[in-house]
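Please read them with the structure open.

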Amino acid sequence: MAIIRQFGLLVWKNYLQQKRQILVTLVEILLPLLFSGILIVLRQKVPFQDYPNATIYESFAVNILPKHFLRELQLGYVPSNSSVVRKVAEDVRASLSLASVRGFETEEQFEEHIRTDPQSHQILAAVVFEHPFTHDEEPLPLQVSYHLRFTFTPRNAPPKEKSELSPNSDLDWHTFSLFPLFQLPGPREQHDKEGGTPGYFREGFLAVQHAVDRAIMRSYNRTGADHLLAMTRVVLSRFPYPNFIYDVFILAIQNQLPLLLVLSFTYTSLNIVRAVVQEKERKLKEYMRMMGLSNWLHWSAWFLMFFLFLSISVFFVTLLLCIRVSPNGAVLNYSDPTLVFVFLLVFTVATINYSFMISAFFSR
């Protein structure tokens with residue numbers, strides 16, 4: 001009972017201090033509401049577009065290079081000591097109407113050529129066969145393994161995607177990413193039937209891969225392969241995308257909402273540090289400890305008071321963020337209000353504890 005009585009006295013003491021600073025208390029409660037109001041205004045200003053039907057994309061052929069490619073480009077191949085590899089490379093060159101082919105004994109020799117030769121930009125790509133050919137007349141194995149080497153930086157990326165500030169920058173092929181760094185509402189590269197970034201079609205990757213596969217088939221049996229390929233046409237098409245809502249406001253709040261939440265409780269955090277340090281400076285905490293009050297009771301009383309004040313702010317912030325106030329909907333249209341409330345409540349707990357930690361570094 002003594003502990004409860006002491007705790008109640010500490011809470012009452014902190015309440016009286018806060019009551020004497022009515023303006024500070026009002027700012028602590030109203031500042032989060034102000035930033036929530038800013039989000040509501042943005043929500044009303046930014047319209048959204050509804051796509052009720054599935055997005056269907058046209059198919060496209062990959063048997064030729066895109067029109068923007070220069071035809072004086074070369075095709076590299078590795079290794080150069082195999083006649084069947086040379087024939088495959090020549091077949092690919094003829095299919096894609098390239099200027100010439102160039103062989104390299106090893107992949108390291110090809111890389112050295114790219115690094116040192118000023119004319120290396122004329123090589124569109126290199127076909128590297130992984131089979132170790134022992135002599136010139138050795139045929140291709142039944143299971144062929146090869147890989148294609150293109151330039152690290154795509155050649156034909158749109159100007160807007162060559163900037164590092166672009167969320168979909170085309171400075172490399174993004175082979176380590178399964179999804180874009182910044183997810184956009186709706187299908188990725190919505191108006192590009194070839195798929196867009198990282199440009200497997202516009203960089204010629206798909207055309208070269210298709211031509212190499214056809215050339216490998218011809219290397220086994222040219223007559224049979226020509227007959228089969230004459231009746232076969234390979235086309236590609238993007239997967240359809242279901243109905244969606246294109247809402248640019250989502251793009252805005254995914255970056256700005258965390259910042260606004262931090263700013264909402266910045267003043268409160270500063271006030272918590274000020275109150276604790278001021279009490280420390282006046283030696284009030286030492287006097288209370290001399291009277292037999294425990295240190296944990298002191299911190300618990302501070303925590304409870306600030307937690308109650310911030311809970312009021314969090315409650316109204318949740319209402320402002322989750323209640324629909326116009327035809328454009330709420331700020332958080334599809335978020336459960338209970339989840340939002342709990343999330344913000346946990347954030348306030350972290351804010352209070354962080355402020356307590358900062359106050360330990362100051363004595364006045």
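1. In the largest nonpolar core, which has 30 residues, Leu 39, Trp 302, Phe 306, Leu 321, Val 331 and Leu 332 touch the most other members. A nonpolar core is here a set of buried Ala, Val, Leu, Ile, Met, Phe, Trp, Tyr and Cys residues joined through side-chain atoms within 4.5 Å, where buried means under 20% relative accessible area with a 1.4 Å probe, protein chains only. Two or more residues each come from α2 (22–45), α7 (248–264), α8, α10 (295–322) and α11 (337–359), and α10 gives the most, with 9 residues. Helices are DSSP runs (H or I, at least four residues), numbered from the N terminus.

2. This is a predicted model, in which local features need pLDDT of at least 70 and side-chain atom pairs count only at pLDDT 80 or more, while totals for chains, interfaces and linings use all residues. Residues are numbered from 1 along each chain as its sequence is written, and side-chain values use heavy atoms, with hydrogens and water left out.

3. Leaving aside neighbours within four places in sequence, Leu 321 is in contact (heavy atoms within 4.5 Å) with Ser 36, Leu 39, Ala 330, Val 331 and Leu 332. A second, separate core of 27 residues includes Phe 69, Val 85, Val 88 and Leu 96.

4. Leu 321 also lines the largest cavity, together with Pro 32, Phe 35, Ser 36, Leu 39, Leu 257, Leu 260, Leu 261, Ser 264 and Val 317. The elements that give two or more residues to this lining are α2, α7 and α10. By class, the lining divides into 8 nonpolar, 2 polar and no charged residues, with Ala, Val, Leu, Ile, Met, Phe, Trp, Tyr, Cys and Pro counted as nonpolar, Asp, Glu, Lys and Arg as charged, and the others, Gly among them, as polar.

5. Thr 268 counts as buried because its relative accessibility is 1%.

6. The UniProt annotation "transmembrane region", from an unreviewed entry, covers residues 21–42, 257–277, 297–326 and 338–362; such annotations may be inferred rather than shown by experiment. In the model, residues 257–277 are 95% helix and 0% strand, with the end C-alpha atoms 30 Å apart, whereas residues 338–362 are 88% helix and 0% strand, with the end C-alpha atoms 37 Å apart.

Methods. Buried means under 20% relative accessible area, exposed over 50%, partly exposed in between (1.4 Å probe, protein chains only). On a 1 Å grid over the protein atoms alone, a cavity is a set of points where a 1.4 Å probe fits but cannot get out, and a pocket is an open set with protein on both sides within 12 Å along at least five of seven lines; lining residues have an atom within 4 Å of a point.
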